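Open the model in your viewer and keep the selection panel at hand. The stops below run from a whole chain to a contact and then to a single residue.

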Amino acid sequence: MTDRKDFISREKFMAELWRYKKGSVTRRHFLGVTGLGLATSVLGSAVPGLRRAAWAQQNIGDRVVLATWPNYHDPANFEAFTAATGAAVDVNVFGSNEEMLAKLQAGGSGWDVFVPTNYTITTYVGESLIEPLDLAKIPNYDAASYNQRFAGPGTVDGTVYAVPKNWGTTGFAVNTSQLGSLPKPTTWKEFWDITMAEFSGRTMVHDYQLTTIGNALKYYGYSFNSIDPNELADAEKLLIEAKPHLFAISSDYQPSMRSGDAWMTICWTGDGKQMNRDMPEIEYVLGKEGGELWSDFYAIPKGAPHVDAAYALINFLLDPAVNARESLFHGYPTADARVDALMPPEVLNDPILYPAQELLDALEFGAAVTLTDPNRAELMARFKSA
Amino acid sequence: MRTYAIAVYLFLYIPIGVIAIFSFNAGRHAAQFQGFSTQWYGKALSNPFVMEALQTSATVATVSAALATVAGTLAALALQGVTGRPRIIFDALIYVAVMVPGIVIGISTLIALVTLFDFLNPVLSALWPLAGAAPKLNLGTGTLIAAHGLFAMALVVIIVRARVSGMDRSLIEASADLGATPWGTFRQVTLPQIAPAILAGFLLSFTFSFDDFIIAFFVAGSETTLPIYVFSSIRRGVTPEINAIGTMVLAASLVVLIAAQAILQRGRRRET
Amino acid sequence: MAPATAWLLAMLVLPLVVVVVFSFGERAAAGGYSAAFTFENFANLGTRWAAFQNTLMLAPAGTILCLLIAYPLAYYLAIKADARWRTLLLILVIVPFWTSILIRSYAWIYLLGGQGIPKLLSTFGLGNPRLINTPFAVLTGIVYGYLPLMVFPIYVSLERLDKRLLEASADLGSPPWRSFLQVTLPLSMPGVATGCMLVFILLMGEFLIPAMLGGGKVFFVGNALVDLFLQSRNWPFGAAVAVALVVVMLVTVTLYMRLTRRWAGARDEVALM
């Protein structure tokens with residue numbers, strides 16, 4: 001983890017925190033050393049995220065429940081939040097947007113803040129499961145500094161329901177040492193063709209209709225989000241034909257790619273980065289025809305039990321300094337220019353995290369309609385049971 | 001025979017060995033060994049989410065298994081005297097409790113409880129004598145214990161009953177004839193006879209709850225159990241941190257077991 | 001019995017009512033449930049026939065395999081093992097399950113994958129078979145995952161066996177296999193019946209082992225249910241599949257219990273003679 005000079009190092013912070021928790025140092029010592037002390041004083045300006053939010057100095061309760069994705073936050077930031085506000089962050093982690101939606105639809109989640117992906121937000125709004133945001137309570141959200149392409153889906157019919165967290169892409173990862181004399185594939189057409197020939201028994205696709213059907217549609221140059229019955233029929237033909245050649249249908253591809261059992265897989269940014277960092281022969285490719293671009297958001301569900309704490313937490317996490325520490329921790333880029341200004345150049349120049357503009361231009365956001373389209377769901381079931 | 005037993009234990013423990021080896025992996029992945037390190041033990045112990053999840057899981061598993069064992073054993077014993085329609089209905093319910101797949105029981109329990117709580121909470125607060133202090137029914141460890149315990153109880157009833165069905169009734173009658181109180185008979189005659197079944201039922205119940213993901217996912221409210229934490233981590237890469245937790249839980253249980261065994265042995269030797 | 005009944009009513013009957021009501025409903029536009037009365041979900045059950053077929057083949061196969069491997073172990077533990085170590089050995093059967101099932105599956109993915117057993121075999125010149133993501137891998141995972149559930153009930157029923165019976169039988173000149181067939185086996189039948197039923201029932205709803213060790217290419221009813229409830233969120237159809245599954249199980253288990261009871265009953269008389 002890169003330590004930036006403008007905030008206390010993560011290791012030192014954690015060490016101090018443990019000393020404080022064990023009781024070997026006083027709260028005053030802890031707050032002083034970590035710079036958090038100033039935040040709790042009236043003049044507080046050292047802790048980013050809290051300085052302009054005067055109302056956050058009020059009592060916001062002792063806890064806030066966050067539903068999010070795994071490995072998507074720096075725990076040290078939560079500890080800082082708790083030390084400054086007294087509210088402990090209770091983290092619930094999820095595997096997919098559909099799971100999150102299923103749980104909110106069933107009720108009784110008890111969440112205060114959750115992290116939906118772009119294509120689900122209109123559904124949450126339609127089902128009245130999401131609260132409109134009062135931006136006055138999130139002074140750290142500066143719309144002007146955000147890339148509108150990524151921030152846009154948070155606004156539905158002119159109302160802001162969600163503010164952007166991080167973004168990424170869905171491409172494929174290929175173990176180039178297994179290619180032999182083949183050129184490195186750069187398109188989805190090549191992805192499927194190699195799967196059914198040279199890489200037979202070595203390719204993985206997600207256990208997820210959006211990306212697996214979407215990228216099969218890309219083979220024919222159709223939209224990633226198509227629900228046209230004829231186009232879906234083409235995709236189904238390709239999938240059924242490819243199935244005997246697949247190593248697995250699973251969204252958990254890192255272990256098999258790393259062990260060398262699988263040579264190619266549909267892949268998200270973060271996984272592509274992690275595999276490439278440890279094994280440079282595994283390269284991350286964005287298909288030239290396009291594919292998925294996604295953006296995650298912070299939002300507050302209807303009936304959140306601790307609304308004040310929810311706003312305080314979102315505001316805290318959107319402070320550029322805090323957000324930069326988050327981004328350095330989990331490795332996903334933000335859409336906030338103020339955060340980019342704090343990031344080291346080697347991160348900003350990484351082609352996996354920040355792909356070339358012409359590749360980005362070809363990508364599509366997942367569409368809400370694909371989530372609820374019964375034909376896509378049934379196609380996936382037929383593919384898996386074939 | 002012994003060789004066979006050793007072979008089966010090897011089958012059971014070789015994967016555990018793999019887990020333990022990878023917990024010392026310097027790299028961050030569960031399937032690629034990149035050198036020796038104990039860093040993941042430090043990380044696991046200092047990760048508040050993991051430690052909290054572990055604590056929740058241990059509590060839920062212990063309490064639900066204990067409740068299920070008591071209720072299940074009592075039911076299995078009481079069932080001996082029940083015949084006719086009540087017996088058929090009770091039997092059917094017990095089997096259905098094991099038959100409904102976890103995902104279905106999870107989501108339907110959640111919906112049933114949310115509906116029930118929405119109805120009960122206003123009633124509770126209206127009836128509560130002190131204004132504003134009425135307890136609010138919510139999803140959490142309580143509902144999780146109730147849901148895990150249900151499946152576990154059915155398991156205990158089925159296992160204990162298999163034992164009870166072969167039990168020698170004449171001993172119980174003899175004990176009663178000799179003037180023993182029902183409690184005395186239970187403690188001195190029945191209990192020793194069914195003890196292995198009770199132990200088996202408790203262990204299976206505990207294990208089920210400690211390892212269950214899908215029911216907990218729905219009914220745990222905003223609580224996180226260890227399996228929920230581990231399962232959700234799939235999408236963004238499981239680190240050897242989870243191996244370290246598994247290895248620690250295992251090592252701790254083995255130490256406790258061996259210590260208990262040693263104490264028992266010494267106690268026995270003194271007796272003889 | 002009263003607490004057990006109350007528990008069953010609150011935590012089982014209530015949710016079951018929800019499932020049955022749902023199974024006649026309609027999928028809401030954005031997923032979930034919307035109230036209706038239709039038989040359409042049941043009419044569509046045919047689209048999941050392949051999943052039922054797979055499950056009805058692999059679940060009995062897994063159960064029988066489990067039984068064959070578990071019985072000798074349970075026998076050893078209950079009869080041959082030193083009484084002082086018995087409980088410890090029994091608990092050791094279940095201790096591996098206190099790690100996480102996900103991590104155990106990873107261990108198997110590694111063992112069955114290219115770096116594990118196939119590599120070992122190929123260094124001995126025994127070929128390099130593909131093991132992971134095959135029905136074989138799924139069966140291995142099933143046996144591994146369900147062994148304690150089979151061992152425990154059999155152990156419990158064998159443990160009460162009076163060893164003097166076996167000695168008496170031997171004194172009377174009966175060969176060991178005959179005392180096994182006439183004394184031990186009949187006595188363990190309730191345990192065998194219980195173990196088989198538990199393993200079979202739970203296997204019918206299994207989804208994780210096929211997903212992880214079968215590479216998602218072996219599709220059980222459990223996988224269909226998880227997809228319907230958590231991915232496409234077609235809850236009414238999911239509820240209908242669940243109702244169908246429970247009905248299939250109830251029929252199978254009832255038939256099975258009739259058969260075993262008749263068989264065990266006949267045997268019991270032999271044993272009592």
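Select chain B: of its 272 residues, 44% are buried (20 or more other C-beta atoms within 10 Å of a residue's own; 12 or fewer is exposed, anything in between partly exposed, with C-beta atoms placed from the backbone). This is a predicted model, in which local features need pLDDT of at least 70 and side-chain atom pairs count only at pLDDT 80 or more, while totals for chains, interfaces and linings use all residues. Residues are numbered from 1 along each chain as its sequence is written, and chains are lettered from A and ligands numbered from 1 in the order in which they are written.

Stay on chain B and colour by secondary structure. Chain B has 11 helices and 0 strands (DSSP runs numbered from the N terminus: H or I of at least four residues for helices, E of at least two for strands). Its C-alpha atoms fill a box of roughly 70 × 65 × 35 Å along the principal axes. Now turn to contacts (C-beta atoms, placed from the backbone, within 7 Å). Of those in chain B between residues at least 6 apart in sequence, 79% join residues at least 24 apart.

Next, show chain C against chain B. The contact takes 68 residues from chain B and 62 from chain C. On chain C, the elements giving two or more residues include α1 (2-23), α3 (49-80), α9 (176-204) and α12 (235-272).

Finally, pick C:R130. It sits in the loop between α6 (117-123) and α7 of chain C. C:R130 counts as partly exposed because it has 15 C-beta neighbours inside 10 Å.

Technical notes:
Two residues are in contact if their C-beta atoms, placed from the backbone, lie within 7 Å.
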